[in-house]
Structure formats: structure tokens, C-alpha cells
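Below are some comments on the aromatic contacts and the sheets of this entry. Please read them against the coordinates.

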Amino acid sequence: MTATEINNKGFYVQHSTNGQDWNDLAFVKGAGNSVTQKKYTTTDAVPLAGTNYYRLKQVDLDGTTQYSAIVAVEMTTNQLGLSLYPNPAKSKLNVYTNAFVGEGKYSIFNAQGKMVLNGKISNAQSVTSLDVSNLSAGLYFITVSSKNVSATSRFSIQ
């Protein structure tokens, strides 16, 4: 939330797993110039289990930047014994879970939090091979879930 804005281009919402190395999750456009209160929101679609660190990188129209204080958020999840291989992947990503039987689902998100692939895993106690050949090289997150349990892990594409 801002009370006023002067030359505000917008905000990069940044994420880190260690409080030192940062990735941009989203960009939220600012109002430019405003004397009225503005509210901004965005969501981390794939927070990792454990401690996640967040901060804002505010950018002015002239390129000047300022950083907010760092906020640590503890995320808990019901673990599914999720294993991914090979990592990094090239064209196939093998997914193995051992904590549920029956049908589950998966969603793959890019580093900006945009869902790029999703589907069903029909027998979650075996290896499911996913075709990731259409994904560009980079960092990705996969969330696997069934009923009330879910797990998120990251992997990369070469």
C-alpha cells in the first residue's frame, strides 16, 4: 500500500530461499504520480516449503531503485516424498511420489510464477514421465497434489 507516489514506475516482488540471492516473481505497475492511497497485491503461486524471503524493489520512472525490508515467511506443507529426475532435465522429467495412492495432479510454473504445464498423475506410487521438451531453458517449480496433501519442488531445464 502507498500513501502517495512520485514518479513510481512500479514494484518488483522478489523471492529468495536464503535472504541473499533474489529472483523477480512479479512486476506490479505503479500509479506514476498519486496523492491518494493505492493498494497493490500479488501472490507467490509456488512458495517452497520452509522459509521464503520476500522484498520489494521499487523502481522510479528514471530507473532509480529502492528496496523494502526483507520479510521471512515460513511455509509448511504435507510432504509427498516428491522426487524429480533428471535435474536438470532436457526433454523428460520423471516424477515420483510415495505418499498417496490413486489420482493426483501436477502444475509446473516458470520462475515468474506463470503456470506453463499441468495435468494428472494417475498412479502416484510409480514414476510418471512428463514431456517438458516444449519448455525453455531455465528454473521451474512443480506442485504435485492429491486431496489434502501437496508438495512443491524446483527443477531446471537445460
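1. The charged end of Lys57 sits over the ring of Tyr12, 5.7 Å from the ring centre. A charge sits over a ring if NZ of Lys or CZ of Arg is within 6 Å of the ring centre and within 35 degrees of the ring normal.

2. On provenance: this is a predicted model, where local features need pLDDT of at least 70, side-chain atom pairs count only at pLDDT 80 or more, and totals for chains, interfaces and linings use all residues. Residues are numbered from 1 along each chain as its sequence is written, and side-chain values use heavy atoms, with hydrogens and water left out.

3. There are three aromatic pairs in the structure. Rings of Phe, Tyr and Trp (its six-membered ring) pair if their centres lie within 6.5 Å; planes under 30 degrees apart count as stacked, over 60 as edge-to-face and the rest as tilted. One of the pairs is Tyr12 with Phe27, which is tilted because the planes stand at 55°, with 4.7 Å between the ring centres.

4. Tyr12 belongs to strand 1 (residues 5-16) and Phe27 to strand 2 (residues 23-34), so this pair ties together parts 15 residues apart in sequence. Strands are DSSP runs of E, at least two residues, numbered from the N terminus. Tyr12 is partly exposed at 26% relative accessible area, and Phe27 is partly exposed at 37%. Buried means under 20% relative accessible area, exposed over 50%, and partly exposed in between (1.4 Å probe, protein chains only).

5. Tyr140 and Phe155 form a stacked pair, 5.8 Å centre to centre with 20° between the planes. Tyr140 lies in strand 11 (residues 138-146) and Phe155 in strand 12 (residues 149-157), so the pair ties together parts that are 15 residues apart in sequence. Tyr140 is buried, with a relative accessible area of 6%; Phe155 is buried at 1%.

6. Two strands pair if DSSP finds at least two bridges between them. Strand 8 (residues 104-110) is joined to strand 11 by six bridges, and Phe109 has Phe141 in strand 11 as its bridge partner.

7. Another open sheet has three strands in the order 6-7-10, again with antiparallel pairing. Its edge strands are strand 6 (83-85) and strand 10 (127-131). Five bridges link strand 7 (residues 92-96) to strand 10, where Asn94 stands opposite Ser129.

Notes
Helices (H or I, at least four residues) and strands (E, at least two) are DSSP runs, numbered from the N terminus.
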